[in-house]
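Hi everyone, thanks for coming.

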Amino acid sequence: MGHAPWWQRGIVYQVYPRSFQDSNGDGVGDLKGILRRVDYFGWLGVDAVWLSPIYPSPMADFGYDVADYRGIEPVFGTLDDFSELVAALHGRGLKLILDLVPNHTSDRHPWFVASRSGRSDPKRDWYIWRDAAPDGGPPNNWLSTFGGSAWEWDAATGQYYYHAFAREQPDLNWRNPAVRRAVYDAMRFWLDRGVDGFRVDVMWHLLKDPAWRDNPPNPAYDGSQPEFQRLLEVNTTDQPDVHEIVAEMRALIDEYDDRVLIGEIYLPIERLVAYYGRDLAGAHLPFNFQLILTAWDAGRIAGLVERYEAALPAGAWPNWVLGNHDKPRFASRVGPAQARVAAMLLLTLRGTPTLYYGDEIGMRDVPIPPGMVHDPWEKNEPGMGFGRDPQRTPMQWDASALAGFTTGTPWLPLADDRAACNVEVLSDDAGSILALYRQLIELRRTSPALSLGTYRTVAAEGGVFAYERRYDGASMLVALNFGDQPDRRIELPPGDRPGRVLASTHGDRQGETVAGALTLRPDEGVIVSLTG
Ligand code: GLC
């Protein structure tokens with residue numbers, strides 16, 4: 001157990017800084033706020049904290065539009081606050097992972113300001129500028145993820161620039177070595193300040209087709225998906241040479257001890273795993289979002305786990321993500337009872353789990369009245385359900401009117417259920433989802449079978465998914481009832497000793513002896529030690 005690096009053994013917890021804890025009453029979370037809550041991470045039992053972007057930003061995409069790769073956004077605090085946070089986390093044995101947003105900058109970044117100042121500016125080629133098509137329209141049919149053309153006309157210099165996201169987020173030209181050097185220098189800036197790694201934003205987007213070919217139509221598009229899915233993104237993402245860049249980033253990370261490179265990549269499993277890189281010299285953890293994207297059905301999830309396990313290159317370490325700031329909250333999708341089953345799944349699968357803040361207290365999507373919408377995606381494609389504000393609402397710390405998040409007006413509305421659903425109330429309730437999360441995290445931390453062991457499917461039928469994790473003679477069985485059907489029975493793998501229940505999502509059964517078979521109640525997940 002001693003030899004596995006922390007990012008394999010550990011659990012990652014994502015903080016969305018705007019929404020975690022406000023310290024100065026402006027309604028927006030900040031670094032001093034996170035500092036105030038630093039003991040919470042240890043109490044919960046996680047190992048690493050990943051912060052969504054804290055760099056100076058005009059907030060067109062809430063920090064994912066970076067105006068300076070080496071500073072701290074004043075709303076969040078100062079570099080001194082940052083150093084204090086690093087020290088506080090490290091002092092408690094916790095790691096800090098920063099978001100790195102290399103694909104694009106803010107249109108206010110000095111690099112882009114220079115680039116758009118004239119065609120002969122030395123930074124012109126740091127971004128993606130193209131002439132108009134013969135009819136004066138955009139150079140090709142590429143679409144922005146947030147809707148509409150990905151090309152924005154710049155009248156002053158008479159060319160279009162490319163933006164995969166909002167028009168305030170021009171894409172950098174990663175084919176230009178000067179761009180690479182500049183971003184790598186920024187990575188060093190933070191690594192030198194003790195940061196333990198990066199989560200690289202839209203890693204699969206970094207390079208685009210050098211011939212600027214149109215994207216082909218997507219035959220599966222039916223109008224219910226976001227507009228950009230009208231086309232297959234074959235010429236705008238996942239280009240073969242992107243792996244060179246990932247390998248360069250990894251080589252840089254490896255100049256430092258014990259750091260981690262995580263990639264945000266939305267691709268089917270077979271293409272996702274290529275981001276581990278040739279000879280595993282790519283990302284340590286290409287984020288695996290498949291649990292979020294797969295129907296919540298025992299057979300489907302079992303099939304997914306098997307496909308992923310089979311697709312992993314030899315020696316690659318798996319990972320699983322249940323939620324993030326871009327996707328609806330899991331508890332909203334599957335309901336409170338199955339949210340507990342999902343917690344057990346996430347924390348017992350083979351691979352580093354990533355938790356999204358608030359999921360541990362069962363936070364749900366909060367409806368956002370039209371006048372309070374912040375997310376640029378919702379503004380561009382209103383009413384379609386693509387908006388991401390509902391899953392970004394303030395953390396619920398206690399039962400007070402503002403949930404302990406702020407003393408001012410929260411930037412997004414607080415959830416209606418905050419009086420019951422908050423850290424303080426749930427931490428006093430042994431049957432709460434928070435208590436379950438803590439118990440599961442503790443079990444994972446103390447059980448090499450759960451954190452590092454092998455994986456084997458035991459059953460995937462009748463609405464039940466069961467699997468075994470083994471390490472050095474220790475064996476754990478996890479059995480999950482994905483529905484509300486009672487008395488789901490599964491046969492235990494043959495063994496000479498009866499099993500002992502370590503945890504149930506229902507909070508009881510601990511210490512129960514099971515022999516031969518195990519019966520699950522509705523919505524129940526159980527962990528059984530098969531080796532005493
Ligand atoms: C990533 C981020 C998302 C952001 C986008 C553009 O997908 O997670 O929040 O809008 O990149 O930076």
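Let's begin with confidence and then move to the ligand.

First, please keep in mind that this is a predicted model. How high is the mean pLDDT of the protein chain? The mean is 97, and 99% of the residues reach 70 or more. Confidence is lowest in strand β15, residues 488-491, with a mean of 93. At the other end, strand β1, residues 12-15, has the highest value, 99.

Now, where does the ligand sit? You'll find the ligand in the largest pocket. Around the ligand there are 14 residues, and those that come nearest are Asp61, Asp201, Glu264, His325 and Asp326. Sorted by class, this shell holds seven charged, four nonpolar and three polar residues.

Let's zoom in on some side chains. Asp201 places a polar side-chain atom 2.8 Å from an oxygen atom of the ligand. For His325, an N or O atom of the side chain is 2.8 Å from a ligand oxygen atom. Arg388 also has a polar side-chain atom by a ligand oxygen, at 2.9 Å. On its own, the ligand has 310 Å² of accessible area, and the protein covers 96% of that.

How values were computed. Residues numbered from 1 in each chain as written. Predicted model: local features only at pLDDT ≥ 70, side-chain atom pairs only at ≥ 80, totals over all residues. Heavy atoms only, no water. Near = heavy atom within 4 Å. Polar contact = N/O pair within 3.5 Å; in protein donor to acceptor, adjacent residues only side chain to side chain. Areas by Shrake-Rupley, 256 points an atom, 1.4 Å probe, with all protein chains shown as cover. 1 Å grid on protein atoms, 1.4 Å probe; cavity = no way out; pocket = protein on both sides within 12 Å on 5 of 7 lines; lining within 4 Å. Sits in = over half its atoms within 2 Å of the grid points. Nonpolar A, V, L, I, M, F, W, Y, C, P; charged D, E, K, R; others polar. pLDDT = per-residue confidence, 0-100. Helix = DSSP H or I, 4+ residues; strand = E, 2+ residues; numbered from the N terminus.
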